[in-house]
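This report describes one protein chain, beginning with a single residue and ending with the chain as a whole. The sequence and structure come next.

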Amino acid sequence: MLLINGTIVTMDDEKNIYSPGALLIKEGKIADVGEEKTLKEMYPREPMRDLEGKIVMPGLINAHTHTPMVLFRGLADDLPLDTWLQDYIWPMENKMIDPDFIRRGGLLGILEMIASGTTAFNDMYFFQDVLAGAVKESGMRALLGQGLIDFPTPEAKTPQEGIAKLTALAEKWEEDDQVRISICAHAPYTCSSELLKKAYHLSEKHHLPFHIHVAETRKEADLIKEKKKEESIVEYLDRLGVLDSHVVAAHCVWISEKDMDIFHHRKVKIAHNPTSNLKLGSGTAPLHLMQKHGLTVSLGTDGAASNNSLDLFREIRLAALLSKGLQQDPELIPAYQALEMATINGARALGMDDITGSLEIGKFADFIVIDTSAPAMRPLYHPVSHLAYTAGRENVEEVYTSGKLLYRKGEYFTLDAEKILAEAETAAERIRKESRV
Ligand SMILES: [Zn+2]
């Protein structure tokens, strides 16, 4: 199929935008992309589809989330991270989390992500084999890992049990293009140095990404400094030898420029979660300094219990605006850079930039179609400006992965939305009873 007459924002290294542009899709992959006139001449026999007035861009990539937590959306708001985790989320998780919860919450989160233009996500949670099944059904792409932590979880009584389960999971999903497995350690303050090293070596052995929360709150940064005799969290992790290009460090709100140099040297990828950091009162990550130090920064929503949405368009806008406002410098994080964070940099963080994240020949056809006919989207001078500052998930008209249509104007083509919504409501009834809200 040859898509013609749209504006194609490729997010490739040359920052190519074709308008009117064309995108040729064959067997789920991008066979060609470029100016419409050229491609029409080259492929006159291809069935064509006219996308007049629409923008085509890579599907968004959520680089840090806990998808099934959508079932806890709005359950406990306006609390600091430690109280929120210790008094609400962890006790609820211990009562509620089982494979059935993961399936119901996972599918609900997937519905939300698809409708907001997300085609791939990076998830840290429990019973990920169940979430993997939901991802396969949906047609999305995901990097999934179960959080290793020093105390018993709903899934593993000991970290050893967690490691054994993660190893089995990695072996099961080896060689899958839709579902890939990561090794997750919850955070430096909830994992011993032994567990961090074990988890890292596991990721090294299986060539898997290593996903970890880093320096989310000032309290956490101070705690490690106190425990580790003036070392920062990043220095501590570096001394343990657990930092390299396969590491996705979520948050990094409280890191110094020295820490950023270490990250740059080790090629660590960052997942920036502006809404969650703001809502939990954790602070704002120094995004402008991360960019100055040449770090690869991707964007995440974090779980919907602390966001309270999985909408990446909001994060794109917020990431750009926060830096400009806080530093009183409107030139920081221009629109294009904000979009890069939610597309190609997300793919880099997930270790999937060879297969997705931009519209380039040979990659999977993971793309979204943005409608620009709404009054709020008119007039349109610069498509990148609209995508970063104007568009919202309400403008997402179609969503494709591997060239397959997942969603069009409110209708899902791979999932039964009505059934998923009903099943999520049943799960919410149980949560209501347990939490007495
Ligand atoms: Zn998180």
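Asparagine 345 has a relative accessibility of 8% and counts as buried, because the cut-off for that class is under 20%. The model is a predicted one. Asparagine 345 lies in helix 14, which covers residues 344-349. Apart from neighbours within four places in sequence, asparagine 345 is in contact with Thr296, Val297, Ser298 and Glu340.

Helix 13 spans residues 335-342. Six of its eight residues are buried, so helix 13 is largely enclosed by the rest of the structure. The buried residues are Ala335, Tyr336, Ala338, Leu339, Met341 and Ala342.

For the chain as a whole, 16 helices and 18 strands make up the secondary structure. Of its 437 residues, 61% count as buried. Among contacts between residues at least 6 apart in sequence, 70% join residues at least 24 apart.

The table lists overall values for the chain.

| Property of the chain | Value |
|---|---|
| Radius of gyration | 21 Å |
| Span of the C-alpha trace along the principal axes | about 65 × 45 × 40 Å |
| Accessible surface | about 17,500 Å² |
| Distance between the mean positions of positive and negative charges | 2 Å |

What radius of gyration would a compact globule with 437 residues have? The value would be near 22 Å, and the 21 Å of the chain agrees with this. Carbon and sulfur atoms account for 50% of the accessible surface. The chain has 49 positive and 65 negative charges.

Conventions:
Residues numbered from 1 in each chain as written. Predicted model: local features only at pLDDT ≥ 70, side-chain atom pairs only at ≥ 80, totals over all residues. Heavy atoms only, no water. Helix = DSSP H or I, 4+ residues; strand = E, 2+ residues; numbered from the N terminus. Rg over C-alpha atoms; globule rule 2.2 N^0.38 Å. Buried < 20%, exposed > 50% of the residue type's maximum accessible area, 1.4 Å probe, protein only. Contact = heavy atoms within 4.5 Å. Areas by Shrake-Rupley, 256 points an atom, 1.4 Å probe, with all protein chains shown as cover. Lys, Arg positive; Asp, Glu negative; His and termini not counted. Charge placed at Lys NZ, Arg CZ, Asp CG, Glu CD.
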